Amino acid sequence: MRLGIIGCGSIGGELAEAADGMTEVKRIYLVDLNGKAADALASKLNKAVAVRSIEQELYHCDLVIEAANQAAAREIVPKVVGRGVDIMIMSVGALVDDDYRNSVYETARNTGARILVPSGALCGTDGLSSASVGRIDEVLLTTTKSPDSLVGVPYLKEKGIDITKVSEPTVIYDGYAREAVKLFPKNINVAAAVSIMGVGFDRTKVKIILDPKTRSNSHELIVRGEFGDMISKTNNVPSPSNPSTSHLAALSAISALKRIIRNDWVGI
């Protein structure tokens with residue numbers, strides 16, 4: 001297998017290092033807006049080469065993995081699936097726009113490309129996916145974040161919320177997934193995955209809590225429907241290199257890649 005990885009940050013870096021050790025992976029093409037980051041990562045690996053554009057390498061790739069940001073995902077996904085190449089999307093919030101998402105899905109159906117979204121930093125998505133075959137009455141995602149993971153969020157500045165002065169757990173957002181994904185593009189991609197798998201962006205409730213005493217990023221998923229009810233809670237250790245990202249997100253991408261390579265879909 002030949003991979004293209006877009007984004008050489010915490011997730012892309014961990015994924016590239018893991019892929020470099022997989023015998024089935026023959027070549028890894030690395031792309032980052034910061035060319036030096038791609039060069040530095042490639043220099044540490046045996047099978048990787050830094051390139052300036054993944055588009056030029058699509059005819060080489062069996063799978064492209066987006067691990068950059070929503071803007072990069074929105075730009076590259078149509079180009080990749082348009083060439084009939086499979087793509088794994090980590091910044092799944094890029095699919096929040098209904099017209100865009102439907103257009104990408106339609107293109108993928110026509111070209112035979114697959115759009116793959118790992119479970120990321122959240123457990124319980126398997127149950128949600130199963131429940132969605134029947135009637136779902138309610139989906140509530142409550143995310144608790146540390147101050148370090150929310151540095152520089154424009155929405156908080158607009159609301160006059162100084163994260164350094166919050167002394168107790170405080171709800172900083174309470175609404176629905178469509179707005180949450182747009183306001184917190186680097187922090188709440190799990191809400192996008194939950195929405196797509198469940199009842200949609202306009203019915204998925206999202207609550208974000210800032211807790212100055214926590215050092216983890218936790219997610220509690222509550223689903224109620226004709227199947228019964230489900231509560232799943234995940235307490236994540238932040239990525240060592242990026243406090244905004246949970247370490248489990250990178251592990252889920254690595255796990256997904258292994259399953260793709262093995263064609264192993266136990267628990268799908």
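In which helix does Thr125 lie? Thr125 is found in helix H5, which covers residues 125–131; helices here are DSSP runs of H or I with at least four residues, strands are runs of E with at least two, and both are numbered from the N terminus. The structure is a predicted model, in which local features need pLDDT of at least 70 and side-chain atom pairs count only at pLDDT 80 or more, while totals for chains, interfaces and linings use all residues. Residues are numbered from 1 along each chain as its sequence is written, and side-chain values use heavy atoms, with hydrogens and water left out.

Leaving aside residues up to four places away in sequence, Thr125 touches Ser119 and Met197, where contact means heavy atoms within 4.5 Å. Thr125 and Ile161 are 36 residues apart along the chain, and their C-alpha atoms are separated by 31 Å.

Although Ala67 and Cys8 are 59 residues apart along the chain, a separation of 7.4 Å is found between their C-alpha atoms. Not counting residues up to four places away in sequence, Ala67 touches Ile6, Gly7, Ile11, Gly12 and Met90.

The next stop is the strands. Strand S1 (residues 2–6) is mostly covered, with four of its five residues buried. S1 runs parallel to strand S2 (residues 27–31), and five bridges join the two. Within this pairing, Arg2 is opposite Arg27 in S2.

An open sheet is built from five strands in the order S8-S9-S7-S10-S11, with mixed pairing. Strand S8 (170–176) and strand S11 (228–236) each have a single partner strand and stand at the edges, so one side of each has no neighbour in the sheet. From one strand to the next, the twist averages 10°. S11 pairs with strand S10 (residues 217–225) in the antiparallel sense, over nine bridges. Val223 stands opposite Met230 in S11.

Aromatic rings come next. Three aromatic pairs are found in a search of the whole structure; rings of Phe, Tyr and Trp (its six-membered ring) pair if their centres lie within 6.5 Å, and planes under 30 degrees apart count as stacked, over 60 as edge-to-face and the rest as tilted. One of these pairs joins Tyr155 and Phe184 edge-to-face, at 5.3 Å centre to centre and with 65° between the planes. This pair links distant parts of the chain, 29 residues apart: Tyr155 belongs to helix H6 (residues 154–158), and Phe184 to the loop between helix H7 (177–183) and helix H8 (189–197). Tyr155 is buried at a relative accessible area of 13%, and Phe184 is buried at 0%. Phe184 also forms an edge-to-face pair with Tyr173, with 6.1 Å from centre to centre and 70° between the planes. Tyr173 lies in strand S8 and Phe184 in the loop between H7 and H8, so this pair ties together parts that are eleven residues apart in sequence.

Two helices can be followed side by side. Helix H3 (residues 70–82) and helix H4 (residues 98–111) pack at an angle of about 20°, and their axes are 8 Å apart. Here axes are lines fitted to C-alpha atoms, for helices over the stretch in contact, and angles run from 0 to 180 degrees between N-to-C directions. H3 is therefore roughly parallel to H4, since angles under 35 degrees count as roughly parallel, over 145 as roughly antiparallel, 65 to 115 as roughly perpendicular and the rest as oblique. Where the helices meet, Ala73, Arg74, Val77, Pro78, Val81 and Gly82 in H3 are in contact with Tyr100, Val104, Thr107, Ala108 and Thr111 in H4.

Key
Two strands pair if DSSP finds at least two bridges between them. Buried means under 20% relative accessible area, exposed over 50%, partly exposed in between (1.4 Å probe, protein chains only).
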